[in-house]
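User: Hi! I am new to this structure and would like to learn how to read it. Could you walk me through it?

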Amino acid sequence: RKPIIPYEEIGAELLSDLVDRFYGKVARHPMLTPIFPDDLTETARKQKQFLTQFLGGPNLYTQEHGHPMLRARHMPFPITYDRAQAWLECMAEAMDEVGLDGKIRDDFYNRLILTANHMVNRQDTDE
Ligand code: HEM
């Protein structure tokens, strides 16, 4: 039986559209704008590379940037629990807009919930 690779099922085009819509929302979210750069072009490019490998596609992120070490790379940015939820809300809305649904969406989103919660590196009181 052929193993199902989420990246192949979703496809590069939909993934790219998802990431662009996601950062369009991040750019307008009052809780997220303070910690993101004004120009999200490069951020989106890296996120497309990362999510490609996260979903079982080619290791594009690692090839260009080395081991992701995502928690360490996020340390300079104050990520509270509320910011992680805001990030996830933007992603859920972007998934709605590109029409990603069913098990492929649920599995992907559930993994993102775990990863987002793992990025939390500040207590809300440290703000
Ligand atoms: C980079 C915030 C969760 C993947 C960044 C940057 C910020 C940020 C501020 C730097 C942007 C830049 O300088 O270009 C957040 C917040 C999160 C979150 C608030 C909420 C929990 C995640 C998750 C993933 C992720 C869940 C993966 C699924 C990345 C990647 C980069 C990045 C791949 C680029 C790293 C690099 O510079 O090479 N994030 N992030 N982030 N984030 Fe997140």
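Analyst: We will go from the whole chain to one helix and then to the ligand. This is a predicted model, in which local features need pLDDT of at least 70 and side-chain atom pairs count only at pLDDT 80 or more, while totals for chains, interfaces and linings use all residues. Residues are numbered from 1 along each chain as its sequence is written.

User: Which secondary structure does the chain have, and how many helices?

Analyst: Helices (H or I, at least four residues) and strands (E, at least two) are DSSP runs, numbered from the N terminus. Here the chain has seven helices and zero strands.

User: What does the radius of gyration tell me about the chain?

Analyst: The radius of gyration is taken over C-alpha atoms, and the globule rule is 2.2 Å times the number of residues to the power 0.38. For 127 residues, a compact globule would come out near 14 Å, and the chain's 15 Å agrees with that. Along the principal axes, the C-alpha atoms fill a box of roughly 50 × 30 × 25 Å.

User: How is the span of α6 read?

Analyst: The expected span of a helix is 1.5 Å times one less than its number of residues. α6 has 18 residues and reaches 26 Å from first C-alpha to last, close to the expected 26 Å. After α6 comes Gly99, with a positive phi near 75 degrees.

User: Which residues of α6 are buried?

Analyst: A residue is buried if 20 or more other C-beta atoms lie within 10 Å of its own, exposed if 12 or fewer, and partly exposed in between, with C-beta atoms placed from the backbone. In α6, the buried ones are Arg83, Trp87, Cys90, Met91, Ala94 and Met95. They lie on the same side of α6 because they cover an arc of only 140 degrees around the axis (the arc of the directions from the helix axis to the C-beta atoms). Asp82 and Asp96, on the other side of α6, are exposed.

User: Which residues come nearest to the ligand?

Analyst: A residue counts as near a molecule if its C-beta atom, placed from the backbone, lies within 6 Å of it. Of the 23 residues around the ligand, Thr43, Phe50, Ala84, Trp87 and Ala116 come nearest. Trp87 is also among the buried residues of α6.

User: Where does the largest share of that shell come from?

Analyst: That share, six residues, comes from α3. At least two residues each are supplied by α3 (41-54), α5 (70-74), α6 (81-98) and α7 (102-119).
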